[in-house]
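Please consult the sequence and the coordinates alongside the text.

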Amino acid sequence: MAISAGPTAESIVRDVRAGDIRPVYFLMGEEAYYIDRLESFLVETLLKPEERDFNLLTFFGAESDIDNIITAAKGFPMGAGRLVVLVKEAQSLASIERFEYYLKQMQPSTVVIFSYKHGTLDRRKKICTLLEKNGILFESKRLRDNQLAPFIGSYLKRQRATIDPAAALTLADFIGADLSRLAGELDKLCIALSENGDRKVTPELVERLIGISKDFNIFELQDALAEKNAKKALQIVKYFDKNQRLYPIQKVLPVLFKFYSNLLLAYYSPEKTSRGISLYSGVNEWVVKRSIMPAMQNYTARKTLEIVSEIRRTDARSKGVGNPFTPSGELLRELVCFMLN
């Protein structure tokens with residue numbers, strides 16, 4: 001779910017379905033998933049398929065002029081109840097502030113939709129005040145790490161499916177906050193679920209369909225390091241070295257950096273309970289219980305800080321900085337040995 005001080009994607013959908021349609025929808029933000037989803041929903045809901053040929057006018061920001069968009073918005077529908085003006089890639093539109101003149105005197109039979117990705121308008125500007133007053137100004141923010149598992153659960157619930165907590169965290173860690181890709185992978189999992197059977201996504205299904213190794217994966221290395229299980233950690237590193245196409249060091253290091261950075265945050269949490277650490281660090285409480293708290297028993301804050309620094313150094317060496325000879329497999333082994341000692 002998008003976090004915003006204003007309307008949410010869910011509230012916009014609910015209001016439109018209830019017949020509360022606003023004359024302007026300005027969809028902006030860093031997270032493209034909700035912008036694309038709302039854009040499609042609005043077009044499909046506001047116009048019937050047979051009405052779109054004459055009543056859906058589409059502009060692209062880099063190729064359009066704001067005055068032409070305003071002129072189009074002042075037009076009238078043909079054989080339909082409303083005219084829809086869709087502005088894609090609005091972040092490339094020059095002089096967008098001039099749209100405030102239209103906001104002062106809008107055409108009641110027109111709905112204008114702006115799709116403004118990878119950034120936001122300056123909320124101090126007058127156009128934002130007018131958008132909030134006369135239309136919908138929606139900001140789609142990137143989800144934090146601890147919001148990804150709930151997103152996965154909610155998405156699957158709408159598909160009448162559930163997911164094992166371990167599988168949800170594996171997906172969140174493996175794919176990250178790219179919601180469009182995450183939704184695509186979840187759709188793939190839903191297709192694989194039996195319609196008549198137990199519609200539950202398991203870790204085994206995630207491993208089989210998403211391409212995470214059944215033998216070893218990055219998250220097993222993370223857990224082995226959290227437990228200071230040297231034998232298993234070094235076994236996994238050896239496996240990675242033999243399968244560098246699947247597990248290049250540049251793919252492993254960001255996961256380890258994220259884990260130890262979160263571990264370092266945990267030491268500074270005012271409350272050392274799983275919930276307190278989760279709220280302070282933004283890490284899912286299930287992950288805190290599974291990995292962070294066990295690691296706090298095996299690492300000091302000082303050692304964790306040294307590890308974070310060593311991961312940075314290894315990353316630079318893996319890219320050839322001060323390291324003309326050591327192969328990546330050996331670099332990862334050296335790093336893991338440093339972590340374990």
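## Salt bridges and their setting

Lys-188 and Glu-185 lie 3 residues apart in helix α9, so about one helical turn separates them. Their side chains form a salt bridge, with an N to O distance of 3.1 Å. The structure discussed here is a predicted model. Within this pair, Glu-185 is buried, at a relative accessible area of 12%, whereas Lys-188 counts as partly exposed at 37% relative accessibility.

A search of the whole structure finds 16 salt bridges. In general terms, side chains of opposite charge can pair when their charged atoms come close.

| Lys-125 | Glu-97 | 3.0 Å |

The bridge between Lys-125 and Glu-97 joins two loops. Lys-125 belongs to the loop between β4 (110–117) and α6 (126–134), and Glu-97 to the loop between β3 (83–88) and α5 (100–103), so the pair ties together parts that are 28 residues apart in sequence. Both partners count as partly exposed: Lys-125 has 36% relative accessibility, and Glu-97 has 32%.

## Overall organisation

The chain contains 17 helices and 7 strands. Its C-alpha trace spans about 70 × 50 × 40 Å along the principal axes. Of the 341 residues in the chain, 49% are buried. Among contacts with a separation of 6 or more, 73% are made by residues 24 or more positions apart.

One example of parts brought together across the sequence concerns Pro-7, which is found in the segment before α1 (9–17). The C-alpha atoms of Pro-7 and Lys-141 are separated by 12 Å, although these residues are 134 positions apart along the chain. Leaving aside neighbours within four places in sequence, Pro-7 is in contact with Ile-12, Ile-136, Leu-137 and Phe-138. At 24% relative accessibility, Pro-7 counts as partly exposed.

## Nonpolar cores

The largest nonpolar core has 88 residues, and the members that touch the most others are Ile-152, Leu-225, Phe-240 and Tyr-260. Helix α13 (residues 249–267) supplies the largest share of this core, 10 residues. A second, separate core has 27 residues, including Phe-26, Ile-69, Val-85 and Leu-131.

Ile-152 is one of the buried residues of helix α7 (residues 145–158); the others are Gln-147, Leu-148, Ala-149, Phe-151, Tyr-155 and Leu-156. These buried residues pack against α2 (32–46), β6 (162–163), α8 (165–175), α9 (179–192) and β7 (200–201). Just after α7, Arg-160 adopts a positive phi of about 60 degrees.

Which residues surround Phe-240, once its neighbours within four places in sequence are left aside? The contacts of Phe-240 are Phe-216, Asn-217, Ile-218, Leu-221, Tyr-247, Val-252 and Leu-332.

Rolling a probe the size of a water molecule over the atoms shows where empty space is left. Searching the whole structure gives 1 cavity of 30 Å³ or more, and the largest cavity holds about 60 Å³ of space.

By class, the lining has 6 nonpolar, 3 polar and 1 charged residues.

Conventions. Residues numbered from 1 in each chain as written. Predicted model: local features only at pLDDT ≥ 70, side-chain atom pairs only at ≥ 80, totals over all residues. Heavy atoms only, no water. Core = buried A, V, L, I, M, F, W, Y, C linked by side-chain atoms within 4.5 Å. Buried < 20%, exposed > 50% of the residue type's maximum accessible area, 1.4 Å probe, protein only. Helix = DSSP H or I, 4+ residues; strand = E, 2+ residues; numbered from the N terminus. Contact = heavy atoms within 4.5 Å. 1 Å grid on protein atoms, 1.4 Å probe; cavity = no way out; pocket = protein on both sides within 12 Å on 5 of 7 lines; lining within 4 Å. Points joined across faces, edges and corners; volume = space filled by probe spheres on them. Nonpolar A, V, L, I, M, F, W, Y, C, P; charged D, E, K, R; others polar. Salt bridge = Lys/Arg side-chain N within 4 Å of Asp/Glu carboxyl O.
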